[in-house]
Amino acid sequence: MISLLKTLILSAMIGLPYGCFAQDFNGIKEMVARRLPFLKEHIVFQILKGESNETFILSTKGDKIIVQANSPSAASEGVTYYLNYYCHMSLSHCGNNIRPLKKIIRLRKPIKISTPFKYRYALNYCTYSYSYPFYTWEDFERELDWMALNGINLMLAPVGTEIVWQETLLKLGFSKEDVSEFIPGPAYTAWWLMGNLEGWGGPMSQEMIEDRYQLQLKILKRMKELGIKPVLQGFPGIVPSFFKSRYPSAQVVSQGLWGAFQRPDILLPGNDFFDKVAKEYYGCVKKFFGDDFQFFGGDLFHEGGNSQGVDLSKTARLVQQKMLEFFPQAKWVLQGWNNNPKPLLLSGLDKEHVLLINLSGEIAASWENSDEFGKTPWIWGSVNHFGGKTDMGGQLPVLINEPHRAYKKSAGHLLQGIGILPEGILSNPVVYDFALKTAWYKDTPDLDTLTRNYILYRYGKWSKDLYEAWKLLYSSVFGEFNIKGEGTFESIYCARPSLHVTSVSTWGPKRMQYDPKMLERALLFFRKAANDFLKSETYKYDLIDLARQVMANYGRVAYKKVIDAYNDKNKKELSAQSQRFIDLILLQDRLLQTDSHFLLGNWLKQAASYGSTDTDRKLSLLNARMQITYWGPNDSTTRVHDYANKEWAGLLKDYYAPRWKTFFERLQARLSSDKVETVDFFAMERKWALKTNAYPTEASGNYIEMVDHVIATTLTK
């Protein structure tokens, strides 16, 4: 274990108190130097006073860009405003449009921008498992800079909670073996923190626990420099399922199973046992991270937890009171999701010390029909994307309009912010761009105007063809859906084969909510613009992604032809259509080989390099391969399989295609015999997950040629 002295020194390095923002823009200056070095000698930051809302004023003088702001977040937003609207450049998770600036572009007059939203919040617990599980400091440094540049000032930050729980359990008399059974592997910490599972994907070694702690210290220090407040993990009463075996008289409520996983239990408050655990837990938070924190996450009875016989109002009130005992300024950050939290639970809370993150903001009834969650301060957010999948989609009209409509209707402005809450953040860059930009408008921005500007700063220059393509996209795959909250439409290539595939993952969308022909037309417009954007990595990514989605949609047509041939008992046609379907998967694989964002090899390489020991790296690689395939547990009845499916080069060819090929062979055999064994897909999936072979990490092939092949294969049929 790290010595107390070293711990205190490292904790002290985190920096200034979180309240000391407006006086110091050094962190923003350093961020500009890291990400936009061509601007670092030209930007001057000045403190802006006299504004009630976060505000920046942008102007130029000579070769200087003057950013006046009253917070680091507003200052960062001012930088992005200049970068986007004057330089026509941008940064994203899916390609950058950045180039040296030959001369400073001057403003004709100062521009003043304010936000009515106090908080701009980021992240879902799942983001840390689907996008960040194997991130190094270099990765997080880039991610935090992106957050700052997009105006984020409140962000979930649970990395390093493992060391808090380890020390807490050891102080309570549990063994290191007990700790290993409780803490999961790095790709599954999200569901551990939400009280859904324990131990799966572990054990996490002592070296990894301490490495993640050191990483969190760097994250927290940088967040303070950038003006981003962290949401740490609090103690709502979640304890190991074996807690009662050591403390038989403790008031513990068993939470049963989450799917096929054993949930941790809930220790009820208002007694010496709860007080003792809370004291140790919050004491460890202070020991390892310091005491200058305001926001703490942690949900009770999340996603079907057992609250039978529990006085929810009293329980929540006592949990909150104990949190405030150790952190008097604390706000308990709760997830609003489906029926969580229940109204009775919220009724017992001191609302001045609560902030509810509404994960389903696009489903208006979730806040309108609940009297704004029982008059609880809240943030409008949308999960938008599930499982870190690669599917294209996002309801842009809803994302830019609903927060403003809700803000106007909110009683006393209980609505305090806007949030992005994707389970995976490494796709659909336009969604996060627009969702966060709308926060800096006093009213709903015009979608078409946003799109026109987006084309300029996404690709660097105007294109009529790209504009025509984007009009089709924001009217279809990025338009408003009739059925809200289901997420993006998944690729059938990634489905576990059957005769009746509807959704790919168990809880995925059952129907397409837009006309796929509109995407095909958009693809033709995108391809038409190629000669003007051949050197653009953002154009390349978007063209490939659009071609991928067109191919994925066409897969449903090809699948139906296979099933029709089987039902017609036409062996020749079944053979031809089955091969046709496999050829489509392999074509998709070759298309995605041409861009590094779609390579399985990068995910596996990241995992295989994660950790300081061979044991850690092997564990991380297994975590990575399990999560994107059968997920877990080692049980053939699992319903979580393919929840985190990915259309990635390598995975399509070596994992999805063999599953479908085996299935088609069985169908062919059934037409000749009634005695054909059922395919054990779980055995196939588990076998692949246990492999350790590497995949390419560099793109290869000509992406324009591959897109043309996609067009010839799908659009002419």
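Predicted model: local features only at pLDDT ≥ 70, side-chain atom pairs only at ≥ 80, totals over all residues.

Strand 13 covers residues 295–297 and strand 14 covers residues 331–336; the two pair in the parallel sense, over three bridges. Within this pair, Phe296 has Trp332 of strand 14 opposite it. Both strands belong to a closed barrel of eight strands, in the order 5-6-7-13-14-15-16-17, and the pairing there is parallel. From one strand to the next, the twist averages 30°.

A second sheet is open and has three strands, in the order 8-12-9, with antiparallel pairing. Strand 8 (238–239) and strand 9 (252–253) are at its edges and have a single partner strand each, so one side of each has no neighbour in the sheet. The contact between strand 9 and strand 12 (residues 265–267) consists of two bridges in the antiparallel sense. Val253 has Ile266 of strand 12 as its bridge partner.

Strand 2 takes part in two further antiparallel pairings. With strand 4 (residues 111–114), strand 2 forms four bridges, and Thr55 stands opposite Ser114 of strand 4. With strand 3 (residues 64–69), strand 2 forms six bridges, again running antiparallel. Here the bridge partner of Ile57 is Gln68 in strand 3. Strand 2 and strand 3 make a hairpin with two residues between the strands, where Gly62 takes a positive phi near 60°. How enclosed is strand 2 by the rest of the structure? Strand 2 spans residues 55–61, and six of its seven residues are buried, so the rest of the structure largely encloses this strand.

The next topic is the nonpolar interior. In soluble globular proteins, nonpolar side chains tend to be buried together. In this model the largest nonpolar core has 254 residues, and the members that touch the most others are Trp631 and Trp660. Helix 21 (residues 537–567) gives the largest share of this core, with 15 residues. Which residues does Trp631 contact, beyond its neighbours within four places in sequence? Its contacts include the aromatic residues Tyr130, Tyr188, Trp191, Trp200, Trp258, Phe261 and Tyr643. Trp631 is also in contact with Leu197, Met626, Val640 and Ala644.

Is Glu698 buried or exposed? Its relative accessible area is 60%, and since exposed means over 50%, Glu698 counts as exposed. Glu698 and Gly601 are 97 residues apart in sequence, while their C-alpha atoms are 8.3 Å apart in space.

The last topic is empty space inside the model. Rolling a probe the size of a water molecule over the atoms shows where such space is left. The structure holds eleven cavities of 30 Å³ or more, and the largest cavity contains about 210 Å³ of space. Its lining is made of 18 residues, and those nearest the centre are Ser90, Leu91, Trp146, Asn150 and Asp433. Which helices each supply at least two residues of this lining? They are helix 3 (72–85), helix 5 (137–149), helix 17 (429–437) and helix 18 (447–459). Helix 17 supplies five residues, the largest share of the lining of the largest cavity.

Note on methods
Residues numbered from 1 in each chain as written. Heavy atoms only, no water. Pairing = 2+ DSSP bridges. Axes fitted to C-alpha atoms, helices over the stretch in contact; angles between N-to-C directions. Core = buried A, V, L, I, M, F, W, Y, C linked by side-chain atoms within 4.5 Å. Buried < 20%, exposed > 50% of the residue type's maximum accessible area, 1.4 Å probe, protein only. Contact = heavy atoms within 4.5 Å. 1 Å grid on protein atoms, 1.4 Å probe; cavity = no way out; pocket = protein on both sides within 12 Å on 5 of 7 lines; lining within 4 Å. Points joined across faces, edges and corners; volume = space filled by probe spheres on them.
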